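Please keep the sequence and the 3D view open as you read.

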Amino acid sequence: MTSPLRGHRAFRRFWAGQAVSQFGDRVSELALPLIAVGALDASTAQVAGLTAALWAPNLAAVFLGAWVDGRPDQRRLLVLADLVRAAALATLPVAALFGAVTLGQLYAVAVVTGAAGVLFGNAYAPFFARLVPRSAYLAANSRLSGTRSAAQLAGPALGGVLVQALTAPVAVLADAVSFLVSALLVGGVRTDRPPTDQPEGPDGADGPDGAVLRRAREGLGFVLRHPYLRASLGCCTTVNFFTFLGYGLTVLFAGRELGLSAGRIGLAFGLGATGGLLGALGAPALSRRIGAGRTIVLGAVLFPAPIALLTVAGGPVWARTGVLAAAEFLSGLGVMLFDVPLNAVQAAVVPDGLRSRVFGAFATVNYGVRPLGALLGGLLGTVLGVRPALLVAALGGSLAVLWLLPSPVPRVRAPESLVPLDLPLPSGGRRDGAVRAAR
């Protein structure tokens with residue numbers, strides 16, 4: 001079967017840019033906490049605050065997405081986001097050169113890079129839809145997700161080598177350079193279809209601030225009324241809340257309860273990351289075989305459920321390591337079976353003029369619950385114990401599939417077959433959505 005992306009040079013260029021920045025991100029994910037702990041002697045609460053600072057800008061994604069939808073060329077915004085992240089990260093090795101790195105600077109870098117990441121994500125949605133034909137949504141998402149999984153597999157090892165050889169602040173420079181490379185590659189991408197004109201409102205009289213607020217309401221309202229988007233938002237938000245509840249506890253449980261060394265935990269996570277790579281590569285084929293909707297449902301359960309495996313781990317050290325690796329493998333496989341076809345469905349059902357504001361509304365709710373889940377996980381781990389808290393994470397996350405079952409999502413065969421339906425917007429206008437799937 002011929003790939004729908006064969007000969008698509010523009011996508012390959014964009015894909016290469018994303019691959020470079022994904023590997024760079026894995027370096028920073030390791031280096032930034034190490035700067036806080038090693039160079040600045042930060043407390044546990046201060047390190048947790050660094051993570052919160054990175055995610056906090058997502059709470060404003062609904063407004064940023066509304067603003068992006070009013071811009072004529074999202075490609076320029078992608079490049080701008082990459083350049084801002086490169087500049088922010090580059091301040092750390094410069095400050096380290098003069099021995100002037102501070103915790104406040106780390107927080108500022110986290111907020112700026114997080115905000116630029118939100119800008120990139122909002123601009124990415126409409127750009128992707130213009131770059132890739134509908135028939136290639138699954139294939140393109142598979143390749144992009146596969147690259148992300150490969151980075152998660154090999155990136156931490158690369159980061160460890162760079163941190164050890166160059167020190168953490170200097171290693172961050174690798175991520176800054178990766179964003180420069182991404183900006184160069186994305187800046188040279190040309191799409192076949194021009195940007196969609198964005199109407200400013202039914203009367204055209206509201207000012208810039210009013211237009212942004214109106215678009216934000218339209219984006220959130222469109223998601224909540226759309227049968228595919230409403231169900232997928234409920235599922236994604238629930239599964240993210242509960243998986244982040246268990247996310248911070250997994251390493252703690254593996255180290256303290258299972259007695260695994262840092263090296264064995266790293267080995268188990270590395271082996272487990274192969275599940276994500278396999279899932280990203282196999283999701284299109286499985287979607288063609290059983291349908292994209294059923295693949296999403298399968299992934300929605302397989303993503304959180306394996307957390308429960310950790311609670312029955314025991315025996316010799318190799319067995320405990322194996323259980324951790326198996327749980328990570330199955331969870332990584334599940335998240336890609338969930339993400340790849342769901343991203344394709346969302347790309348198919350969201351009209352061009354609403355893509356950024358819909359993405360922003362989605363991100364504000366979906367990503368906004370992650371810090372809350374992590375905080376509740378810490379509370380449950382303290383009050384109930386880590387083992388019961390992990391069971392809560394596995395059960396609660398698995399129940400997220402209940403959002404999908406009564407919706408039309410499980411009946412989707414091929415995302416590109418979805419057809420539009422005119423949905424009213426809160427402002428009184430109408431835009432094309434999509435509510436019917438091929439049977």
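## A nonpolar surface patch

Leu379, Val383, Leu384 and Val392 make up a nonpolar patch on the surface, and together they have about 360 Å² of accessible area. Patches are built from residues with over 30% relative accessible area and no salt bridge, joining like charges within 9 Å and nonpolar side chains (Val, Leu, Ile, Met, Phe, Trp, Tyr) within 5 Å. A salt bridge is a side-chain nitrogen of Lys or Arg within 4 Å of a carboxyl oxygen of Asp or Glu. Areas come from the Shrake-Rupley method with a 1.4 Å probe, and for residues only the protein chains shown count as cover.

Val383 belongs to helix H13 (residues 355–383); helices are DSSP runs of H or I with at least four residues, strands are runs of E with at least two, and both are numbered from the N terminus. With a relative accessible area of 60%, Val383 is exposed (exposed is over 50%, buried under 20%, partly exposed in between; 1.4 Å probe, protein chains only).

## How the model was handled

This is a predicted model: local features need pLDDT of at least 70, side-chain atom pairs count only at pLDDT 80 or more, and totals for chains, interfaces and linings use all residues. Residues are numbered from 1 along each chain as its sequence is written, and side-chain values use heavy atoms, leaving out hydrogens and water.

The protein chain has an average pLDDT (the predictor's confidence in each residue, from 0 to 100) of 79, and 82% of the residues score at least 70.

## A buried leucine

Leu144 sits in helix H6 (residues 137–166) and is buried, at 10% relative accessible area. Beyond four places in sequence, Leu144 has contacts with Phe11, Phe14, Trp15, Gln18, Tyr124 and Phe128, where contact means heavy atoms within 4.5 Å.
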